[in-house]
Amino acid sequence: MYIEDKNSHQTHWKEYFSFSSDHKVIGVQYLVTAFIFFLIGGLLAMIVRAELLTPQLNIVSRSLYNGLFTMHGTIMIFLWILPANLGLANYLVPLMIGARDMAFPKLNAIAFWQIPVVGILLLLSFFLPSGTAQAGWWSYPPVSIQNPSGQFINGEFVWLLAIAISGVSSIMGGVNFVTTIVQMRAPGMTYFRMPVYVWTVLSAQLLQLFCLPALTGAAIMLLFDLSFGTDFFSPFSNGDPIIYQHLFWFYSHPAVYVMALPAFGVFSEVIPAFARKPLFGYKVVAVSSFIIAIVGTFVWVHHMFASATPNWMRIFFMASTMLVAVPTGLKVFAWVATLWQGKIRLETPMLFCLGGIVMFLFAGITGVMMASAPFDIHVNNTYFVVGHFHYVVFGTVTMAIYGGIYFWFPKITGRMYLESWGKLHFWLSFIGANLNFFPMHPVGLQGMLRRVSSYDPEFTGWNVLASLGAFLLGMSTLPFIANMISSSLRGHKVSNNPWNSTGLEWTIPSPPPVENFEEIPTITTEPYNYGEPSRFSIDSRTI
Amino acid sequence: MEGPINRHTSEPAEDHLSFGFPVFLLSESIVFVSFFVTYAILRIKNPHWFPPGVSGLDIPKAAVNTVILVASSIVIHFAERALSRHKLINFRRLWLLTAGMGIIFLIGQAMEWHNMPFGLNAGLAGATFYLLTGFHGLHVLIGVILLLLMYRRSLIPNNYQTGHSGVDAVALFWHFVDVIWIILFFLLYIW
């Protein structure tokens with residue numbers, strides 16, 4: 001039975017187009033903006049996959065092909081995964097820790113509004129006479145500093161500018177999240193009473209703060225090499241391109257954890273709610289986020305096993321990379337143990353999380369395979385790497401973001417999505433993703449190189465399968481879009497806590513009032529107390 | 001949008017700034033670290049560092065500049081102390097003195113750039129010298145602007161009744177710029 005909560009606050013649609021400093025408005029702004037760029041990045045990927053349907057080059061030119069995969073990677077990472085995660089985190093972190101907003105609300109809005117600027121800059125670079133950047137999302141010199149068009153404003157220049165703006169936005173976000181989580185927790189909300197999602201956001205944002213500036217530094221020097229005639233990274237004079245690789249991966253490997261940790265957080269929230277059991281080993285799962293962040297800062301050279309890296313370095317980074325499997329494995333173990341003998345309900349958020357964990361397990365196994373230097377040198381620069389990476393960023397992180405959106409949709413809108421369409425969306429995504437990304441492993445083992453538009457005809461079969469998967473993935477977004485639009489306008493209204501979840505965010509009206517909490521609650525126990533008395537009290541009342 | 005629970009404030013509280021700003025500075029320092037590391041590796045790998053005809057940088061002039069910047073860090077410390085003892089006039093004087101010393105430092109830098117025997121494109125020595133001093137100089141410039149903005153704010157009556165975390169943050173920024181310069185001085189000039 002539904003009883004309208006008089007305190008719920010329906011945000012006027014115009015607010016979403018304004019410079020709002022409300023973390024809930026900013027959260028939705030991030031999510032919707034990121035999803036639009038996800039569609040654009042997906043479209044680019046489908047053109048790439050269409051080109052790869054046949055071994056010959058027949059749809060796009062080689063240089064446009066280079067631009068397509070470069071923009072696909074850049075958009076998906078900097079304009080989909082990172083901002084979509086920030087959207088969920090913006091909406092949820094203050095609610096989960098019992099705060100009225102973020103620590104720096106205006107800074108939050110400034111950080112968000114840089115995201116559309118980054119996206120528009122990148123998309124406009126398609127119309128430059130030189131075309132877009134073509135050096136891949138990692139933008140290695142010397143390819144990235146060649147500038148064949150000779151123009152000052154070229155695709156690579158715009159790319160570097162966009163990355164710099166995105167970096168400034170991320171640092172603002174990082175300062176904001178860390179300050180919020182450290183300083184604004186409700187009374188009684190000790191670190192070991194925070195939901196795992198907040199732990200994962202904290203560790204991810206600390207990684208951003210500590211590692212991202214290395215990429216900023218590298219990008220500044222690359223810009224000087226490209227545009228002002230210096231030679232920091234130029235192998236044609238005394239510069240050293242390997243230094244760029246080190247600086248790039250010092251950020252961009254931890255960036256994978258910046259993307260994946262909040263996904264682990266979503267799994268840790270959804271699974272207990274749909275298994276009706278407390279999260280198994282809560283403290284271990286929480287702390288393992290930090291261990292992943294710390295160990296993950298010292299593994300970056302595994303991207304450079306084939307970059308004339310000395311053997312002692314290869315051995316050290318091989319070992320440290322394999323070590324990451326321990327805290328991540330602990331998490332998977334804890335999720336499975338939470339499911340064990342639970343009263344499992346297979347609704348859409350749970351389906352996405354279970355699908356995500358299955359694909360994460362696969363990504364983790366291929367990850368450990370590639371951590372081994374001899375194996376990695378064999379598959380270096382092949383589709384095996386691409387397959388592994390997509391099992392992480394799509395199979396794990398995007399599935400978790402979808403799961404999170406469905407799970408918190410009733411909180412954000414006060415309405416319920418259509419379950420049947422949600423299930424359709426899940427199965428299309430899950431089948432499409434595996435069809436798309438699994439064939440990349442065998443074809444990579446057989447030696448098909450990444451970033452080439454034509455290939456040996458013997459690889460055709462696997463490539464056709466992968467392309468079919470890509471088109472299926474493209475289709476999978478249609479029921480999601482239809483569901484989100486129609487359900488947020490006309491979905492049936494639901495109570496404040498439709499999943500009977502124990503999180504603090506579920507104790508307040510849906511959609512939450514502007515100030516979130518009428519009174520800041522006092523927290524008395526650990527989270528995930530499914531099957532136990534309530535953990536919150538306001539005065540003497542329990543909720 | 002009415003009622004007691006809708007007082008939505010968008011101004012950060014004082015103590016958030018005094019926590020968040022050092023966090024930001026730690027992050028910002030990593031950009032400098034990435035430059036320092038690049039510089040060190042390139043310099044070790046290239047024994048013939050300076051362009052032909054140049055044997056090194058002008059250490060005495062840079063040392064004078066270093067003394068000015070380090071001394072300004074001491075001045076700003078006394079400015080902060082004056083403020084916490086509610087000696088507002090003293091605070092303003094010392095605060096402006098810091099900004100003045102920052103400006104003298106910048107002028108010294110500009111003169112050094114002007115008299116440099118090699119340019120940005122004179123190999124790695126030119127590239128690293130101008131990048132490091134330029135990026136640091138940009139921070140000094142931002143610091144001076146922040147100092148002057150804070151000076152203007154200090155003229156608002158009763159501005160420091162509820163604390164002065166903005167002043168503390170700018171002072172911390174100034175110390176940060178100072179420490180970066182000391183490292184830079186040793187790397188670029190003494191090494």
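**Reading the loops**

Tutor: Pro142(A) sits in the loop between helix H3 (105–124) and helix H4 (155–183) of chain A. Helices (H or I, at least four residues) and strands (E, at least two) are DSSP runs, numbered from the N terminus. This is a predicted model, in which local features need pLDDT of at least 70, side-chain atom pairs count only at pLDDT 80 or more, and totals for chains, interfaces and linings use all residues. Residues are numbered from 1 along each chain as its sequence is written, while chains are lettered from A and ligands numbered from 1 in the order in which they are written.

Student: Which residues does a cis peptide bond join, with omega about 5°?

Tutor: Pro141(A) and Pro142(A). Another cis peptide bond links Ser510(A) to Pro511(A), with omega about -15°. Pro511(A) belongs to the loop between helix H14 (460–490) and strand S1 (522–523) of chain A.

Student: What is the phi of Ser139(A)?

Tutor: Ser139(A) is not a glycine, yet its phi is positive, about 55°. Ser139(A) is in the loop between H3 and H4 of chain A. Asn147(A), also not a glycine, has a positive phi of about 50°, and Asn147(A) too is found in the loop between H3 and H4.

Student: Is Ser139(A) buried or exposed?

Tutor: The count is of other C-beta atoms within 10 Å of a residue's own, placed from the backbone: 20 or more means buried, 12 or fewer exposed, and in between partly exposed. Ser139(A) is buried because 25 other C-beta atoms lie within 10 Å. Asn147(A) has 16 within 10 Å, so Asn147(A) is partly exposed.
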